[in-house]
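Student: I'd like to learn how to read a ligand site and the strands of a fold. Could you walk me through an example?

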Amino acid sequence: MSNKALNIGDQFPNFEAQTNVGRIDFYDWMADSWAILFSHPADFTPVCTTELARVAQLIPEFLKRGIKPIALSCDTAESHNAWIEDIKSYAKLASFDYPIIADNKRELALKLNMLDKDELSAEGIPLTCRAVFVIDDKKKLRLSILYPATTGRNFDEILRVIDSLQLTQSKSVATPADWKQGGQCMVLPSVQAVDVPKLFPKGIETIQVPSGKNYLRITAQPQI
Ligand code: BEZ
């Protein structure tokens with residue numbers, strides 16, 4: 001029987017787990033930071049190796065945004081530590097500075113609904129998909145993306161979404177298609193015209209459309 005999938009805005013469940021650097025209580029490990037938890041089917045696999053290497057290279061970008069990365073893979077802590085040597089060698093890293101959860105019994109993979117029934121291991125067991133969970137400092141789920149085991153993630157895209165999450169939680173804007181940090185934003189449909197001067201002192205531009213409705217309102221990216 002599968003667990004209920006988590007929705008955006010749900011409290012992310014706490015858990016205890018073994019990692020390559022010891023046992024953690026997830027909430028205690030997060031402390032007051034945000035976290036990105038991303039899962040992997042197995043150690044010593046090629047796509048996973050490239051992903052863990054990429055996140056290790058992006059650590060300064062995650063820390064700049066107040067986010068602690070943590071990976072999960074369905075093997076033991078001893079296996080993770082041996083694999084980390086390969087990842088460091090592959091990515092020419094002097095150190096590997098975030099933990100990998102040892103979910104060799106697939107308990108968390110089940111609890112967090114991360115098993116892919118269509119992709120099976122050599123033994124015929126469902127593989128863990130490549131799940132991404134972004135959890136905020138209140139322990140709320142803010143983003144969830146599921147990729148199949150055969151598709152590696154784009155971590156530049158994940159950072160881009162995190163930038164949007166952190167901007168739009170405090171400013172009355174939404175970010176349009178392909179937005180990047182510093183790009184123009186859309187004024188939220190819920191913002192009344194009367195409130196525009198106060199909320200957007202630098203002004204907005206309203207794009208005219210055949211419907212005559214004034215909903216395409218553009219503004220420069222507000223400072224957080
Ligand atoms: C990989 O990481 O390369 C991989 C793992 C499981 C299935 C497919 C690819």
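Student: Which residues are around the ligand?

Tutor: A handy start is to list the neighbours by heavy-atom distance, here within 4 Å. In this predicted model, the residues around the ligand are Pro41, Thr45, Pro46, Val47, Cys48, Leu127, Arg130 and Ala149. By class, six are nonpolar, one is polar and one is charged. Helix α2 (residues 46-57) gives the largest share of this shell, three residues.

Student: Which polar atoms lie 3.1 Å and 3.0 Å from an oxygen atom of the ligand?

Tutor: For polar contacts, look for N or O pairs within 3.5 Å. A polar side-chain atom of Thr45 is 3.1 Å from a ligand oxygen, and an N or O atom in the Arg130 side chain is 3.0 Å from a ligand oxygen. The backbone takes part too: a polar backbone atom of Pro46 lies 3.3 Å from an oxygen of the ligand. On its own the ligand has 260 Å² of accessible area, and the protein covers 81% of that.

Student: Now the strands. Why is strand β4 largely enclosed by the rest of the structure?

Tutor: Count its buried residues, meaning those under 20% relative accessible area. Strand β4 (residues 67-73) is largely enclosed because six of its seven residues are buried.

Student: Which strands does β4 pair with?

Tutor: Follow the bridges. Strand β3 (residues 34-40) pairs with β4 in the parallel sense over seven bridges, with Ile36 opposite Pro69. Strand β5 (residues 100-102) also runs parallel to β4, joined by three bridges, and Leu72 stands opposite Ile101. From β4 the chain passes through helix α4 (residues 77-91) to β5, a right-handed β-α-β crossover.

Technical notes
Residues are numbered from 1 along each chain as its sequence is written. This is a predicted model: local features need pLDDT of at least 70, side-chain atom pairs count only at pLDDT 80 or more; totals for chains, interfaces and linings use all residues. Side-chain values use heavy atoms; hydrogens and water are left out. A polar contact is a pair of N or O atoms within 3.5 Å; within protein, one must be able to donate a hydrogen and the other to accept it, and residues adjacent in sequence count only if both atoms are side-chain atoms. Accessible areas come from the Shrake-Rupley method with a 1.4 Å probe; for residues, only the protein chains shown count as cover. Helices (H or I, at least four residues) and strands (E, at least two) are DSSP runs, numbered from the N terminus. Ala, Val, Leu, Ile, Met, Phe, Trp, Tyr, Cys and Pro count as nonpolar, Asp, Glu, Lys and Arg as charged, and the others, Gly among them, as polar. Buried means under 20% relative accessible area, exposed over 50%, partly exposed in between (1.4 Å probe, protein chains only). Two strands pair if DSSP finds at least two bridges between them. A crossover is right-handed if, with the strands pointing away from the viewer, the path from the first strand over the helix to the second runs clockwise.
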